Amino acid sequence: SSGINAEYGQGIALAMIGGMAKINCSDPDDTGEYCWPEGTKAVLLGCYFYGYCLQVIPTTIAKKLGMNMSVRVTAVMCGILLLTFPVVINTSVVLAIILQIIRGFSASIIMSGMMEFATIWCIGNESKTFISFVGITMQIGQPIGQAIAGILSSQVGWRSYFYLIGSLYFIMATLLTIFVPKDPLDSWAMHDNEKLLFKDKAKAQALLATKKETKITFATLKSIACRLYVWAFCLFAFFDVFQLFALLTGTPFYLNEILGVSATDVSYIQLVGGLGCSLTTGFFMVLLPIVDRHVAWLKRSVAFLLLPQLVRIVGYFILPHVPSVPGAVAVIIITWATWGTAFSGSIVTINYEIDPENSSIILGLFNGIGTLGGFLCPLVRALMTNVNEDAPDYQTKFKDKWTNFIYLNGSASIVIIAVIVFAVAVRRNEWIKDPSMATEDDAKKGNVFHLDVIENKQPSMEE
(Lines give C-alpha, C1' and ligand atoms only; values in the text may rest on other atoms or scores of the structure.)
Protein backbone atom coordinates (compact mmCIF):
# COMPACT_ATOMS: atom_id res chain seq x y z
CA SER A 1 0.00 0.00 0.00
CA SER A 2 2.89 2.38 0.76
CA GLY A 3 4.39 1.70 -2.65
CA ILE A 4 1.10 2.45 -4.38
CA ASN A 5 0.69 5.57 -2.28
CA ALA A 6 4.16 6.88 -3.19
CA GLU A 7 3.69 6.28 -6.90
CA TYR A 8 1.95 9.51 -7.93
CA GLY A 9 4.98 11.69 -8.74
CA GLN A 10 6.81 9.11 -10.84
CA GLY A 11 3.62 8.00 -12.58
CA ILE A 12 2.74 11.53 -13.64
CA ALA A 13 6.30 12.14 -14.87
CA LEU A 14 6.28 8.99 -17.01
CA ALA A 15 2.74 9.67 -18.24
CA MET A 16 3.87 13.15 -19.31
CA ILE A 17 6.76 11.90 -21.44
CA GLY A 18 4.58 8.99 -22.57
CA GLY A 19 1.88 11.01 -24.28
CA MET A 20 -0.02 13.14 -21.76
CA ALA A 21 1.87 16.41 -22.31
CA LYS A 22 3.92 17.83 -25.14
CA ILE A 23 7.62 18.25 -24.38
CA ASN A 24 8.02 20.89 -27.07
CA CYS A 25 4.77 22.57 -28.11
CA SER A 26 6.40 24.08 -31.20
CA ASP A 27 7.48 20.68 -32.50
CA PRO A 28 4.89 19.36 -35.01
CA ASP A 29 6.13 15.80 -34.45
CA ASP A 30 5.52 15.92 -30.69
CA THR A 31 2.66 13.48 -30.06
CA GLY A 32 1.76 14.77 -26.58
CA GLU A 33 -1.95 15.40 -26.01
CA TYR A 34 -1.86 18.60 -23.93
CA CYS A 35 0.24 21.71 -24.49
CA TRP A 36 1.00 23.10 -21.05
CA PRO A 37 3.64 25.64 -19.97
CA GLU A 38 6.49 24.32 -17.81
CA GLY A 39 4.96 25.94 -14.72
CA THR A 40 1.72 23.97 -15.14
CA LYS A 41 3.65 20.73 -15.60
CA ALA A 42 5.65 21.45 -12.44
CA VAL A 43 2.50 22.17 -10.41
CA LEU A 44 0.83 19.02 -11.73
CA LEU A 45 3.90 16.99 -10.75
CA GLY A 46 3.93 18.41 -7.24
CA CYS A 47 0.28 19.15 -6.39
CA TYR A 48 -0.32 15.81 -4.66
CA PHE A 49 2.39 16.77 -2.18
CA TYR A 50 0.80 20.16 -1.44
CA GLY A 51 -1.84 18.24 0.52
CA TYR A 52 0.54 15.51 1.68
CA CYS A 53 2.78 18.03 3.47
CA LEU A 54 -0.06 18.64 5.97
CA GLN A 55 0.23 15.01 7.02
CA VAL A 56 0.35 15.69 10.76
CA ILE A 57 -3.23 17.09 10.67
CA PRO A 58 -5.07 14.06 9.18
CA THR A 59 -2.75 11.72 11.11
CA THR A 60 -3.64 13.30 14.46
CA ILE A 61 -7.35 13.19 13.58
CA ALA A 62 -7.10 9.59 12.36
CA LYS A 63 -5.30 8.49 15.53
CA LYS A 64 -8.19 9.83 17.61
CA LEU A 65 -10.94 8.44 15.35
CA GLY A 66 -9.22 5.12 14.72
CA MET A 67 -6.32 4.59 12.33
CA ASN A 68 -7.62 1.30 10.97
CA MET A 69 -10.90 2.65 9.61
CA SER A 70 -9.26 5.91 8.51
CA VAL A 71 -6.78 4.07 6.30
CA ARG A 72 -9.55 2.04 4.64
CA VAL A 73 -11.68 5.12 3.93
CA THR A 74 -8.60 6.89 2.57
CA ALA A 75 -7.86 3.99 0.20
CA VAL A 76 -11.38 4.14 -1.25
CA MET A 77 -11.19 7.92 -1.66
CA CYS A 78 -7.82 7.69 -3.42
CA GLY A 79 -9.17 5.02 -5.75
CA ILE A 80 -12.10 7.22 -6.79
CA LEU A 81 -9.90 10.28 -7.39
CA LEU A 82 -7.43 8.29 -9.51
CA LEU A 83 -10.11 6.58 -11.59
CA THR A 84 -11.72 9.93 -12.39
CA PHE A 85 -8.40 11.75 -13.03
CA PRO A 86 -8.36 11.28 -16.86
CA VAL A 87 -11.90 12.68 -17.16
CA VAL A 88 -11.28 15.58 -14.79
CA ILE A 89 -8.02 16.68 -16.41
CA ASN A 90 -9.71 16.69 -19.80
CA THR A 91 -12.29 19.07 -18.34
CA SER A 92 -10.01 21.34 -16.32
CA VAL A 93 -6.36 21.00 -15.35
CA VAL A 94 -7.01 23.37 -12.42
CA LEU A 95 -9.77 21.10 -11.05
CA ALA A 96 -7.50 18.08 -11.51
CA ILE A 97 -4.79 19.82 -9.49
CA ILE A 98 -7.25 20.70 -6.68
CA LEU A 99 -8.55 17.13 -6.44
CA GLN A 100 -5.01 15.73 -6.32
CA ILE A 101 -4.18 18.14 -3.49
CA ILE A 102 -7.18 16.69 -1.62
CA ARG A 103 -5.97 13.17 -2.39
CA GLY A 104 -2.52 14.00 -1.05
CA PHE A 105 -4.03 15.39 2.16
CA SER A 106 -6.04 12.23 2.83
CA ALA A 107 -3.51 9.70 1.52
CA SER A 108 -0.87 10.96 3.94
CA ILE A 109 -2.62 8.88 6.59
CA ILE A 110 -1.45 5.65 4.96
CA MET A 111 2.24 6.06 5.74
CA SER A 112 1.61 7.14 9.33
CA GLY A 113 -0.79 4.23 9.65
CA MET A 114 2.12 1.85 9.14
CA MET A 115 3.66 3.11 12.41
CA GLU A 116 0.36 2.60 14.23
CA PHE A 117 0.04 -0.92 12.83
CA ALA A 118 3.62 -1.66 14.01
CA THR A 119 2.62 -0.65 17.53
CA ILE A 120 -0.55 -2.75 17.53
CA TRP A 121 0.37 -5.81 15.46
CA CYS A 122 4.00 -6.42 16.41
CA ILE A 123 5.55 -8.02 19.50
CA GLY A 124 8.91 -6.81 20.82
CA ASN A 125 11.51 -6.13 18.15
CA GLU A 126 9.21 -7.48 15.43
CA SER A 127 8.20 -3.86 14.92
CA LYS A 128 11.60 -2.98 13.42
CA THR A 129 11.34 -5.92 11.05
CA PHE A 130 7.81 -4.83 10.11
CA ILE A 131 9.01 -1.29 9.39
CA SER A 132 11.78 -2.70 7.20
CA PHE A 133 9.25 -4.81 5.29
CA VAL A 134 7.14 -1.69 4.77
CA GLY A 135 10.23 -0.07 3.27
CA ILE A 136 10.94 -3.09 1.07
CA THR A 137 7.40 -3.32 -0.28
CA MET A 138 7.31 0.45 -0.75
CA GLN A 139 10.52 0.34 -2.75
CA ILE A 140 9.24 -2.61 -4.78
CA GLY A 141 5.87 -0.92 -5.37
CA GLN A 142 7.48 2.25 -6.69
CA PRO A 143 9.59 0.75 -9.51
CA ILE A 144 6.89 -1.71 -10.51
CA GLY A 145 4.47 1.20 -10.71
CA GLN A 146 7.03 3.17 -12.71
CA ALA A 147 7.55 0.31 -15.16
CA ILE A 148 3.79 -0.11 -15.53
CA ALA A 149 3.34 3.65 -16.00
CA GLY A 150 6.03 3.82 -18.67
CA ILE A 151 4.87 0.74 -20.56
CA LEU A 152 1.14 1.53 -20.39
CA SER A 153 1.68 5.21 -21.30
CA SER A 154 3.75 4.38 -24.37
CA GLN A 155 2.00 1.19 -25.48
CA VAL A 156 -1.65 1.51 -24.40
CA GLY A 157 -2.21 5.15 -23.46
CA TRP A 158 -1.47 7.24 -20.40
CA ARG A 159 -5.06 7.00 -19.08
CA SER A 160 -4.76 3.25 -18.55
CA TYR A 161 -2.17 3.79 -15.84
CA PHE A 162 -4.56 5.79 -13.68
CA TYR A 163 -7.35 3.25 -14.17
CA LEU A 164 -5.04 0.47 -12.98
CA ILE A 165 -3.61 2.27 -9.93
CA GLY A 166 -7.09 3.49 -8.93
CA SER A 167 -8.38 -0.08 -9.02
CA LEU A 168 -5.47 -1.25 -6.85
CA TYR A 169 -6.54 1.13 -4.11
CA PHE A 170 -9.92 -0.61 -3.93
CA ILE A 171 -8.14 -3.95 -3.70
CA MET A 172 -6.02 -2.54 -0.86
CA ALA A 173 -9.11 -1.37 1.04
CA THR A 174 -10.72 -4.81 0.60
CA LEU A 175 -7.65 -6.66 1.89
CA LEU A 176 -7.41 -4.38 4.92
CA THR A 177 -11.08 -5.00 5.71
CA ILE A 178 -10.68 -8.78 5.46
CA PHE A 179 -7.35 -9.32 7.21
CA VAL A 180 -6.71 -6.32 9.53
CA PRO A 181 -9.32 -5.83 12.29
CA LYS A 182 -8.89 -3.10 14.87
CA ASP A 183 -7.77 -5.59 17.56
CA PRO A 184 -5.36 -8.44 16.63
CA LEU A 185 -7.32 -10.75 18.94
CA ASP A 186 -10.31 -10.37 16.59
CA SER A 187 -8.35 -11.68 13.60
CA TRP A 188 -9.99 -14.76 12.11
CA ALA A 189 -6.74 -15.70 10.35
CA MET A 190 -4.61 -15.76 13.51
CA HIS A 191 -3.83 -19.04 15.27
CA ASP A 192 -4.79 -19.38 18.94
CA ASN A 193 -1.13 -19.69 19.95
CA GLU A 194 -0.43 -16.35 18.26
CA LYS A 195 -3.31 -14.75 20.14
CA LEU A 196 -1.72 -15.90 23.40
CA LEU A 197 1.37 -13.87 22.47
CA PHE A 198 -0.77 -10.75 22.08
CA LYS A 199 -2.38 -11.41 25.46
CA ASP A 200 1.14 -11.58 26.91
CA LYS A 201 1.92 -8.29 25.17
CA ALA A 202 -1.06 -6.63 26.86
CA LYS A 203 0.17 -7.87 30.25
CA ALA A 204 3.69 -6.60 29.51
CA GLN A 205 2.35 -3.16 28.62
CA ALA A 206 0.35 -3.09 31.85
CA LEU A 207 3.50 -3.96 33.80
CA LEU A 208 5.54 -1.29 32.03
CA ALA A 209 2.86 1.28 32.84
CA THR A 210 3.51 0.72 36.56
CA LYS A 211 7.12 1.86 36.13
CA LYS A 212 7.44 5.61 36.46
CA GLU A 213 10.19 5.86 33.86
CA THR A 214 8.39 3.61 31.38
CA LYS A 215 4.85 4.89 31.60
CA ILE A 216 3.19 5.00 28.18
CA THR A 217 2.06 8.51 27.35
CA PHE A 218 0.42 10.13 24.38
CA ALA A 219 2.32 13.37 23.91
CA THR A 220 0.64 16.58 22.86
CA LEU A 221 1.74 18.32 19.69
CA LYS A 222 3.12 21.11 21.87
CA SER A 223 5.38 18.77 23.83
CA ILE A 224 6.50 17.02 20.65
CA ALA A 225 7.38 20.40 19.14
CA CYS A 226 9.77 21.03 22.05
CA ARG A 227 12.00 18.12 21.03
CA LEU A 228 15.02 19.24 19.03
CA TYR A 229 15.51 15.85 17.37
CA VAL A 230 12.00 16.10 15.89
CA TRP A 231 12.89 19.35 14.13
CA ALA A 232 16.21 17.87 13.06
CA PHE A 233 14.22 15.04 11.50
CA CYS A 234 11.98 17.62 9.81
CA LEU A 235 14.96 19.34 8.16
CA PHE A 236 16.50 15.96 7.37
CA ALA A 237 13.26 14.85 5.72
CA PHE A 238 12.84 18.12 3.80
CA PHE A 239 16.19 17.85 2.04
CA ASP A 240 16.01 14.06 1.83
CA VAL A 241 12.63 14.09 0.08
CA PHE A 242 13.77 16.94 -2.18
CA GLN A 243 16.64 14.69 -3.29
CA LEU A 244 14.39 11.66 -3.63
CA PHE A 245 11.89 13.41 -5.85
CA ALA A 246 14.64 14.98 -7.90
CA LEU A 247 15.65 11.39 -8.52
CA LEU A 248 12.16 9.99 -9.06
CA THR A 249 10.49 12.81 -11.00
CA GLY A 250 13.56 14.51 -12.46
CA THR A 251 15.48 11.45 -13.62
CA PRO A 252 12.92 10.55 -16.34
CA PHE A 253 13.36 14.01 -17.89
CA TYR A 254 17.16 13.98 -17.45
CA LEU A 255 17.52 10.57 -19.09
CA ASN A 256 14.99 11.38 -21.80
CA GLU A 257 15.95 14.95 -22.71
CA ILE A 258 19.70 15.03 -21.94
CA LEU A 259 20.80 11.46 -22.64
CA GLY A 260 18.12 10.55 -25.21
CA VAL A 261 16.73 7.49 -23.41
CA SER A 262 13.20 6.46 -24.46
CA ALA A 263 10.25 6.55 -22.05
CA THR A 264 10.04 2.74 -22.03
CA ASP A 265 13.75 2.37 -21.26
CA VAL A 266 13.47 5.02 -18.53
CA SER A 267 10.75 2.96 -16.86
CA TYR A 268 12.99 -0.12 -16.96
CA ILE A 269 15.91 1.85 -15.47
CA GLN A 270 13.72 3.08 -12.64
CA LEU A 271 12.46 -0.47 -12.13
CA VAL A 272 16.04 -1.64 -11.59
CA GLY A 273 16.79 1.34 -9.36
CA GLY A 274 13.76 0.80 -7.14
CA LEU A 275 14.35 -2.94 -6.87
CA GLY A 276 17.98 -2.20 -5.99
CA CYS A 277 16.77 0.10 -3.23
CA SER A 278 14.45 -2.59 -1.89
CA LEU A 279 17.36 -5.04 -1.82
CA THR A 280 19.36 -2.47 0.15
CA THR A 281 16.48 -2.18 2.63
CA GLY A 282 16.44 -5.97 3.00
CA PHE A 283 20.21 -6.11 3.41
CA PHE A 284 20.19 -3.53 6.20
CA MET A 285 17.17 -5.24 7.80
CA VAL A 286 19.36 -8.35 8.21
CA LEU A 287 22.41 -6.31 9.16
CA LEU A 288 20.64 -4.14 11.77
CA PRO A 289 20.35 -6.69 14.63
CA ILE A 290 23.96 -7.77 14.06
CA VAL A 291 25.15 -4.17 14.30
CA ASP A 292 22.98 -3.56 17.38
CA ARG A 293 24.70 -6.45 19.19
CA HIS A 294 28.12 -4.90 18.74
CA VAL A 295 27.59 -1.14 18.49
CA ALA A 296 25.94 1.28 20.91
CA TRP A 297 22.50 2.39 19.74
CA LEU A 298 23.38 6.08 19.38
CA LYS A 299 26.49 5.36 17.30
CA ARG A 300 24.52 3.02 15.07
CA SER A 301 21.74 5.57 14.64
CA VAL A 302 24.08 8.41 13.68
CA ALA A 303 26.02 6.16 11.30
CA PHE A 304 22.87 4.95 9.55
CA LEU A 305 21.69 8.56 9.21
CA LEU A 306 24.93 10.02 7.85
CA LEU A 307 26.80 7.38 5.83
CA PRO A 308 24.17 7.32 3.01
CA GLN A 309 24.57 11.09 2.71
CA LEU A 310 28.29 10.74 2.02
CA VAL A 311 27.52 8.30 -0.80
CA ARG A 312 24.98 10.76 -2.26
CA ILE A 313 27.44 13.66 -2.16
CA VAL A 314 29.86 11.66 -4.30
CA GLY A 315 27.09 10.41 -6.61
CA TYR A 316 25.47 13.78 -7.28
CA PHE A 317 28.73 15.62 -7.90
CA ILE A 318 30.10 13.09 -10.40
CA LEU A 319 26.83 12.34 -12.25
CA PRO A 320 26.93 15.33 -14.67
CA HIS A 321 30.45 14.37 -15.72
CA VAL A 322 29.77 10.73 -16.56
CA PRO A 323 29.90 10.63 -20.38
CA SER A 324 28.08 7.35 -21.11
CA VAL A 325 24.47 6.34 -20.54
CA PRO A 326 25.41 3.05 -18.77
CA GLY A 327 27.78 4.94 -16.46
CA ALA A 328 25.17 7.58 -15.63
CA VAL A 329 22.57 4.87 -14.99
CA ALA A 330 24.98 3.06 -12.65
CA VAL A 331 25.57 6.24 -10.62
CA ILE A 332 21.82 6.88 -10.40
CA ILE A 333 21.09 3.33 -9.21
CA ILE A 334 23.86 3.39 -6.57
CA THR A 335 22.69 6.79 -5.31
CA TRP A 336 19.09 5.59 -5.26
CA ALA A 337 20.05 2.54 -3.18
CA THR A 338 21.04 4.77 -0.24
CA TRP A 339 17.36 5.41 0.54
CA GLY A 340 17.14 1.75 1.58
CA THR A 341 18.43 2.59 5.06
CA ALA A 342 15.47 4.87 5.88
CA PHE A 343 13.31 1.92 6.96
CA SER A 344 16.18 -0.22 8.29
CA GLY A 345 18.07 1.69 10.93
CA SER A 346 17.74 5.28 9.78
CA ILE A 347 15.12 8.00 10.28
CA VAL A 348 11.88 5.95 10.27
CA THR A 349 13.31 3.21 12.50
CA ILE A 350 14.93 5.67 14.92
CA ASN A 351 11.69 7.65 15.21
CA TYR A 352 9.86 4.47 16.23
CA GLU A 353 12.61 3.36 18.65
CA ILE A 354 12.63 6.69 20.52
CA ASP A 355 8.85 6.99 20.98
CA PRO A 356 6.72 4.11 19.65
CA GLU A 357 3.40 5.41 21.00
CA ASN A 358 3.72 8.79 19.28
CA SER A 359 5.74 7.64 16.27
CA SER A 360 2.81 7.97 13.85
CA ILE A 361 2.23 11.62 14.80
CA ILE A 362 5.96 12.45 14.76
CA LEU A 363 6.27 10.72 11.39
CA GLY A 364 3.29 12.73 10.19
CA LEU A 365 5.07 15.92 11.26
CA PHE A 366 8.50 15.31 9.76
CA ASN A 367 7.22 13.43 6.71
CA GLY A 368 4.71 16.21 6.07
CA ILE A 369 7.36 18.92 6.32
CA GLY A 370 9.68 16.70 4.32
CA THR A 371 7.05 16.54 1.62
CA LEU A 372 7.43 20.30 1.18
CA GLY A 373 10.68 19.32 -0.46
CA GLY A 374 8.75 16.89 -2.64
CA PHE A 375 6.46 19.48 -4.17
CA LEU A 376 9.08 22.24 -4.27
CA CYS A 377 11.46 19.97 -6.16
CA PRO A 378 9.60 20.06 -9.54
CA LEU A 379 9.14 23.82 -9.19
CA VAL A 380 12.83 24.39 -8.49
CA ARG A 381 13.80 22.00 -11.26
CA ALA A 382 11.53 23.78 -13.76
CA LEU A 383 12.97 27.14 -12.72
CA MET A 384 16.61 26.04 -12.80
CA THR A 385 16.41 24.06 -16.06
CA ASN A 386 14.18 26.41 -18.04
CA VAL A 387 15.83 27.48 -21.33
CA ASN A 388 14.37 29.17 -24.39
CA GLU A 389 13.81 26.36 -26.89
CA ASP A 390 14.65 28.65 -29.81
CA ALA A 391 18.06 29.67 -28.43
CA PRO A 392 20.93 28.70 -30.79
CA ASP A 393 22.94 27.08 -27.97
CA TYR A 394 19.88 25.49 -26.38
CA GLN A 395 21.38 22.03 -25.73
CA THR A 396 24.56 23.38 -24.08
CA LYS A 397 22.67 25.75 -21.79
CA PHE A 398 20.09 23.08 -21.00
CA LYS A 399 22.78 20.61 -19.90
CA ASP A 400 24.59 23.27 -17.84
CA LYS A 401 21.38 24.13 -15.99
CA TRP A 402 20.72 20.47 -15.26
CA THR A 403 24.27 20.19 -13.90
CA ASN A 404 23.60 23.04 -11.46
CA PHE A 405 20.36 21.38 -10.35
CA ILE A 406 22.18 18.10 -9.67
CA TYR A 407 24.87 19.95 -7.69
CA LEU A 408 22.11 21.50 -5.60
CA ASN A 409 20.98 18.01 -4.62
CA GLY A 410 24.49 17.04 -3.61
CA SER A 411 24.71 20.15 -1.43
CA ALA A 412 21.49 19.09 0.34
CA SER A 413 23.34 16.07 1.79
CA ILE A 414 25.95 18.40 3.30
CA VAL A 415 23.15 20.31 5.04
CA ILE A 416 21.62 17.05 6.34
CA ILE A 417 24.93 15.98 7.89
CA ALA A 418 25.33 19.35 9.62
CA VAL A 419 21.77 19.26 11.02
CA ILE A 420 22.08 15.77 12.53
CA VAL A 421 25.51 16.43 14.04
CA PHE A 422 24.17 19.63 15.62
CA ALA A 423 21.05 17.95 17.05
CA VAL A 424 23.03 15.11 18.64
CA ALA A 425 25.70 17.46 20.04
CA VAL A 426 23.21 19.93 21.57
CA ARG A 427 20.49 17.57 22.88
CA ARG A 428 22.10 14.17 23.25
CA ASN A 429 19.74 13.32 26.12
CA GLU A 430 16.81 13.14 23.64
CA TRP A 431 18.51 10.38 21.63
CA ILE A 432 17.59 7.36 23.75
CA LYS A 433 15.58 4.22 23.08
CA ASP A 434 12.15 3.83 24.59
CA PRO A 435 12.30 1.01 27.20
CA SER A 436 9.62 -1.00 25.37
CA MET A 437 12.06 -1.27 22.44
CA ALA A 438 15.08 -2.12 24.58
CA THR A 439 16.94 -5.41 24.76
CA GLU A 440 19.28 -6.87 27.35
CA ASP A 441 22.20 -5.79 25.14
CA ASP A 442 20.94 -2.21 25.37
CA ALA A 443 20.87 -2.40 29.15
CA LYS A 444 24.41 -3.76 29.31
CA LYS A 445 25.64 -0.94 27.04
CA GLY A 446 23.84 1.63 29.18
CA ASN A 447 21.62 2.74 26.29
CA VAL A 448 18.41 2.72 28.34
CA PHE A 449 17.51 2.66 32.04
CA HIS A 450 18.37 -0.38 34.15
CA LEU A 451 18.53 -4.09 33.55
CA ASP A 452 15.67 -4.84 35.96
CA VAL A 453 13.30 -2.83 33.77
CA ILE A 454 14.34 -4.83 30.71
CA GLU A 455 14.10 -8.17 32.50
CA ASN A 456 10.60 -7.43 33.80
CA LYS A 457 9.07 -5.97 30.67
CA GLN A 458 7.89 -9.33 29.27
CA PRO A 459 5.87 -11.22 31.93
CA SER A 460 5.41 -14.96 31.57
CA MET A 461 2.07 -16.63 30.85
CA GLU A 462 1.72 -17.52 34.54
CA GLU A 463 2.20 -13.88 35.55
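A search of the whole structure finds zero disulfides. A disulfide here is a pair of cysteine sulfur atoms within 2.5 Å. Two cysteines show contrasting surroundings. Cys78 counts as buried because its relative accessibility is 0%. Cys226 counts as exposed because its relative accessibility is 54%. Buried means under 20% relative accessible area, exposed means over 50%, and partly exposed lies in between (1.4 Å probe, protein chains only).

This is a predicted model, in which local features need pLDDT of at least 70 and side-chain atom pairs count only at pLDDT 80 or more, while totals for chains, interfaces and linings use all residues. Residues are numbered from 1 along each chain as its sequence is written, and side-chain values use heavy atoms, with hydrogens and water left out.

Turn now to the charged side chains. The whole structure holds eight salt bridges. Each is a side-chain nitrogen of Lys or Arg within 4 Å of a carboxyl oxygen of Asp or Glu. One of them joins Lys63 and Glu116, at 2.9 Å from N to O. Lys63 lies in helix 4 and Glu116 in helix 7, so the pair ties together parts that are 53 residues apart in sequence. Helices are DSSP runs (H or I, at least four residues), numbered from the N terminus. Both Lys63 and Glu116 are buried.

Arg300 and Asp292 are both buried. Arg300 also forms a salt bridge with Glu353, again with the closest N and O atoms 2.8 Å apart. This second pair links distant parts of the chain: Glu353 is in helix 16 (residues 347-354) and Arg300 in helix 14 (residues 297-318), 53 residues apart. Glu353 is buried because its relative accessible area is 0%. Arg300 is buried because its relative accessible area is 1%. Shared partners join Lys128, Asp292, Arg300 and Glu353 into one salt-bridge network.

Arg300 has an aromatic neighbour too. Its charged end sits over the ring of Phe304, 6.0 Å from the ring centre. The charged end of Arg312 sits over the ring of Trp339, 3.7 Å from the centre. A charge counts as over a ring if NZ of Lys or CZ of Arg is within 6 Å of the ring centre and within 35 degrees of the ring normal.

Next come contacts between rings. A pair of aromatic rings is described by the distance of the centres and the angle of the planes. Rings of Phe, Tyr and Trp (its six-membered ring) pair if their centres lie within 6.5 Å; planes under 30 degrees apart are stacked, over 60 edge-to-face, and the rest tilted. The search of the whole structure finds 19 aromatic pairs. Tyr34 and Trp158 make an edge-to-face pair, 6.2 Å centre to centre with 65 degrees between the planes. The two come from distant parts of the chain, 124 residues apart: Tyr34 is in the loop between helix 2 (8-20) and helix 3, and Trp158 is in helix 9 (residues 158-179). Tyr34 and Trp158 are both buried. The rings of Tyr229 and Phe233 have centres 5.5 Å apart and planes at 80 degrees, so this pair is edge-to-face. Tyr229 and Phe233 both lie in helix 12 (residues 228-258), four residues apart, about one turn of the helix. Tyr229 counts as buried because its relative accessibility is 2%. Phe233 is buried because its relative accessible area is 0%. Tyr34 and Trp158 also belong to one aromatic cluster with Trp36, Phe85, Tyr161 and Phe162.

The surface has a nonpolar patch. Met69, Val73, Met77, Val94, Leu95, Ile98 and Ile102 make up about 590 Å² of it. Patch residues have over 30% relative accessible area and no salt bridge, with like charges joined within 9 Å and nonpolar side chains (Val, Leu, Ile, Met, Phe, Trp, Tyr) within 5 Å. Helix 5 (67-83) and helix 7 (93-121) each supply at least two residues of the patch. Helix 7 gives the most, with four. Leu95 lies in helix 7. Leu95 counts as partly exposed because its relative accessibility is 38%.

Finally, look at two long-range approaches. Leu54 sits in the loop between helix 3 (38-52) and helix 4 (56-65). Thr129 is in helix 8 (residues 126-155). The C-alpha atoms of Thr129 and Ser344, 215 residues apart along the chain, are separated by 8.0 Å.

Note on methods:
Areas by Shrake-Rupley, 256 points an atom, 1.4 Å probe, with all protein chains shown as cover.
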